[in-house]
Amino acid sequence: MKRIHFKKNIALLLALVACALLSGCTQSLDVENQAYVLVMGVDEAANDGIQLTIRYPRISGGGSDSEAGSAGGDYGALSISADSYEAALEKLDWAVGRSLNLSQLKLVVISEDMARSDEARQLLCDIAQTERLFNAAYVAICDSSAADFVNAIEQNIGSRLSMELNAMFEMYTRRGYVPNEKLADIYYQTISVY
């Protein structure tokens, strides 16, 4: 009888320990504490550096429908220069005031000068290997400044910018205006033996 009572106590103790370990009491980042980058522009900066420009949705209060639909007010833009891609990401993380999250990245815009440079291949590898970036972003090469291109992007129809970018690229690729190349495709093509 004592042995059965002892086994029940051990089982109960193990169940309590398992509940404590699986309770989800880890530090997690709230959605409000993250800056979800939707568009990232990459330019050459002075002294062989790199300039990153990002667009991200701003956290807004529960306003009326007319306030929510205002163009430009719902999205923040930020530009940072540094010696390397990693250093620029770190500076952006500090400057935006929230944790930088690239998991929702829809578009990477690279200036033509940067795309033609010798560092372009390594840059694409660095971008593709960024933590929490899932490589499903479209890639665009612009003939002018990527920062200007990123800052000029606006929501036109009133939908979210992320949905509008997807719809725009689907339409352009369906009509043959732009190639259907995503960051993952370009990354794998640059590291391929072929």
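**Overall look.** I started by reminding myself that this is a predicted model. I found 8 helices and 7 strands in the protein. I then checked burial: of the 194 residues, 36% count as buried.

**Helix H3.** I asked myself which residues of H3 are buried. My list reads Tyr85, Ala88, Leu89, Leu92 and Val96. They cover an arc of only 100 degrees around the axis, so they sit on the same side of H3. On the face turned away from that buried side I found the exposed residues Glu90 and Trp94. I next looked for what covers the buried residues, and the cover includes strands S1 (34-36), S2, S3 (49-57), S4 and S5 (99-101), along with helix H5 (120-128). I checked the length as well: the 12 residues of H3 (residues 85-96) should span 16 Å at 1.5 Å a residue, and the end C-alpha atoms are 16 Å apart, which agrees. The expected span takes 1.5 Å times one less than the number of residues. Following H3, I noted Gly97 with a positive phi, near 80 degrees.

**Asp93.** Is Asp93 buried, partly exposed or exposed? I read a relative accessible area of 35%, so Asp93 is partly exposed. Leaving out residues up to four places away in sequence, I found that Asp93 touches Arg98, Ser99 and Leu100. I also looked at Gln34, which is 59 residues from Asp93 along the chain; their C-alpha atoms are separated by 9.8 Å.

**Helix H7.** Leu161, Ser162, Glu164, Leu165 and Phe169 are buried in H7. They cover an arc of only 160 degrees around the axis, which puts them on the same side of H7. Among the elements covering these buried residues I wrote down strands S2 (39-45), S4 (75-82), S6 (107-111) and S7 (138-142). The 14 residues of H7 (residues 161-174) should span 20 Å, and I found the end C-alpha atoms 20 Å apart, in agreement. Just after H7, Gly176 takes a positive phi of about 85 degrees.

**Salt bridge.** How many salt bridges does the count come to? I got 1 salt bridge. The side chains of Arg116 and Glu112 meet in it, at 2.9 Å from N to O. The two are 4 residues apart in helix H4 (residues 112-116), so about one helical turn separates them. I checked exposure for both partners: Arg116 is exposed, with a relative accessible area of 65%, and Glu112 is partly exposed at 26%.

**Nonpolar patch.** My last stop was the surface again. Phe6, Ile10 and Leu14 make a nonpolar patch of about 320 Å² there. I placed Ile10 in helix H1 (residues 2-21). Ile10 has a relative accessible area of 37%, so I logged Ile10 as partly exposed.

How values were computed: Residues are numbered from 1 along each chain as its sequence is written. This is a predicted model: local features need pLDDT of at least 70, side-chain atom pairs count only at pLDDT 80 or more; totals for chains, interfaces and linings use all residues. Side-chain values use heavy atoms; hydrogens and water are left out. Buried means under 20% relative accessible area, exposed over 50%, partly exposed in between (1.4 Å probe, protein chains only). The arc is that of the directions from the helix axis to the C-beta atoms. Contact means heavy atoms within 4.5 Å. Patches are made of residues with over 30% relative accessible area and no salt bridge: like charges are joined within 9 Å, nonpolar side chains (Val, Leu, Ile, Met, Phe, Trp, Tyr) within 5 Å. Accessible areas come from the Shrake-Rupley method with a 1.4 Å probe; for residues, only the protein chains shown count as cover. A salt bridge is a side-chain nitrogen of Lys or Arg within 4 Å of a carboxyl oxygen of Asp or Glu.
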